[in-house]
Amino acid sequence: MTIEVVNHTGREVAIANFSKERYLCPAYMDREWERIWRRTWLLAGLESDLAAPGDFFVFDMGREQILITRAADGDLRAFYNVCQHRGNRLVAKERGQASNFRCAYHAWTYGLDGALNAIPCEDRFPQGVPRGERALRPVAVDVWDGFVFICMAGNPVPLLDFLGPVTDWLAPYRFRDMTLVEDQTVHHHCNWKAVVDNFSELYHVDFLHPQHKRMVDCCNDTVHLFPEGHTGLAVRGATVNPRFPIPEEPTDIQSAQLQSLGLNPADFRGRVLEVREAVQRRKREVGRDYGYDYSRFADDQLSDVWQYNLFPNTIFSFTPEHLWILRPRPHATDPQQCWFDKMSLVLHADPSLGGQTRGIGGPARHGHNLTDGRKPADYVRPERDQFEHHAILSGEKTMTDTIDQDIELLGGVQAGMGSAGFDSVWLNDDELRVQHFHNQLDERMRDGCESG
Ligand code: FES
Ligand SMILES: [Fe+2]
């Protein structure tokens, strides 16, 4: 088993312990709000939801809501979603199209650019209404590769500086060309960081997700540590986990991958460890015919699953044809609750590249409809499905087998953290990304509060 660590920070990252208070303590949560959420660039949503002037969405972020719109001049604008008359939440809808925003309370009306354009009975304000001052309060907004980010800090560092070298590593994937096919949110009873921790290590995978042995090799991975607390991970896909006995026949997942590329799984009897390379080679051979351009990718990327975590709370899990965005958001007041979003995107085959337009399979696409050849005009954005974690426990909802297992487990982690019989975590080398994330957290939280 080899874990290769590529450290881009110029600083050594050593395993250390930290206390459980950060998952439980309301005072820590308050400080986190000031030190993390109000100061850091946060992934708010998809630029595809703001394609035309007047498109808007509301990003629900802990104790704030941020309204993001495409103004008439074509630029994106972001504002606190609050009316400047008496503080009503301005926009109640999560997403939509508007020519202006009219408050439901007394009908103060704002333009897409945040300007206060109409005030009923303005002559009844004896002191007048300074329209400039009473415009919507702006928040920084920027876009990278189809993702809309906001930052509540007054004068944030440029988004690209914050993301740093991560953007170079992710550039070949062109997430902006992918299409949202599923949008889910689960309300969970755990701290948001427990979710980040969970998606920052593979130590648990063999035990909690034994089904992964059919599709990935979690023993030989590459870990990247980036400045600002971002991390990356590359896991070999189209293969099996060598910690378990190597099967004679390709697994069901490998077979699906081979078949989606026009290869016969029976040809790989006794050669299961050769499937990965065969998938890479075959994608090069037939990619364009199937409507996929793989010329930007290295061979490994054609078979492997990557997972990049952007500090603080955005997790990307992806292959060239697929992306999951996993995003835990803090609860407004309770450190022991969070909202956990999962957005699934796929790259549809491009008919202009080749005659056949068919989906190419991969582990992360498993379970998604791979029927391609859909025209953009057929696209209907899926509604967000929001539910309680009990719906997952009861089997009424699913976010895939793997994530369902994580969700069930995380309730137990949060409950255990609250026990008098537990004080602090004890991490290993496999959990280096967890450590790196918490080091960044500590750095930003420093000067006060018992962060442990
Ligand atoms: S609070 Fe919005 S118009 Fe009065
Ligand atoms: Fe997991």
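Here are some notes on this predicted model, point by point.

1. Let's begin with the overall layout. Contact between them involves 12 residues of domain 1 and 11 residues of domain 2. On the domain 1 side, strand β17 (residues 322–330) contributes the most, with 3 residues. That side of domain 1 is made up of 6 nonpolar, 2 polar and 4 charged residues.

2. Strand β3 (residues 55–61) pairs with strand β4 (residues 64–70) in the antiparallel sense, over 6 bridges. Met 61 has Glu 64 of β4 as its bridge partner. The β3 and β4 hairpin has 2 residues between the strands, and Gly 62 in this hairpin takes a positive phi near 55 degrees. β3 also pairs with β6, again in the antiparallel sense, but over 3 bridges. Here Phe 57 stands opposite Arg 95 of β6. Of the 7 residues of β3, 5 are buried, so the strand is largely enclosed by the rest of the structure.

3. Strand β1 gives another picture. Among the 6 residues of β1 (residues 2–7), the count of buried residues is 0, and the strand is hardly covered. Its partner is strand β13 (residues 216–225), and the two pair in the parallel sense over 6 bridges. One pair to look up is Val 6, whose bridge partner in β13 is His 224.

4. Now for a helix. Helix α10 (residues 401–417) has 17 residues and spans 25 Å from its first C-alpha to its last, close to the 24 Å expected at 1.5 Å a residue. Which residues of α10 are buried? They include Ile 403, Asp 406, Ile 407 and Leu 410. An α-helix has 3.6 residues a turn, so residues three or four places apart point the same way. The cover over the buried residues of α10 includes β12 (179–188), α4 (192–198), β18 (338–346) and α9 (389–393).

5. Finally, some backbone details to check by eye. Most residues other than glycine have a negative phi, and most peptide bonds are trans. Phe 311 and Pro 312, however, are joined by a cis peptide bond, with omega about -5 degrees. Pro 312 lies in the loop between β15 (305–310) and β16 (314–319). Ala 107 has a positive phi, near 70 degrees, and is found in the loop between β7 (100–102) and β8 (109–111). Ala 107 counts as partly exposed because it has 13 C-beta neighbours inside 10 Å. Arg 174 also has a positive phi, near 45 degrees. Arg 174 belongs to the loop between α3 (166–170) and β12, and with 14 other C-beta atoms within 10 Å, Arg 174 is partly exposed.

How values were computed. Residues are numbered from 1 along each chain as its sequence is written. Chains are lettered from A and ligands numbered from 1 in the order in which they are written. This is a predicted model: local features need pLDDT of at least 70, side-chain atom pairs count only at pLDDT 80 or more; totals for chains, interfaces and linings use all residues. Two strands pair if DSSP finds at least two bridges between them. Helices (H or I, at least four residues) and strands (E, at least two) are DSSP runs, numbered from the N terminus. Two residues are in contact if their C-beta atoms, placed from the backbone, lie within 7 Å. Ala, Val, Leu, Ile, Met, Phe, Trp, Tyr, Cys and Pro count as nonpolar, Asp, Glu, Lys and Arg as charged, and the others, Gly among them, as polar. A residue is buried if 20 or more other C-beta atoms lie within 10 Å of its own, exposed if 12 or fewer, and partly exposed in between; C-beta atoms are placed from the backbone. The expected span of a helix is 1.5 Å times one less than its number of residues.
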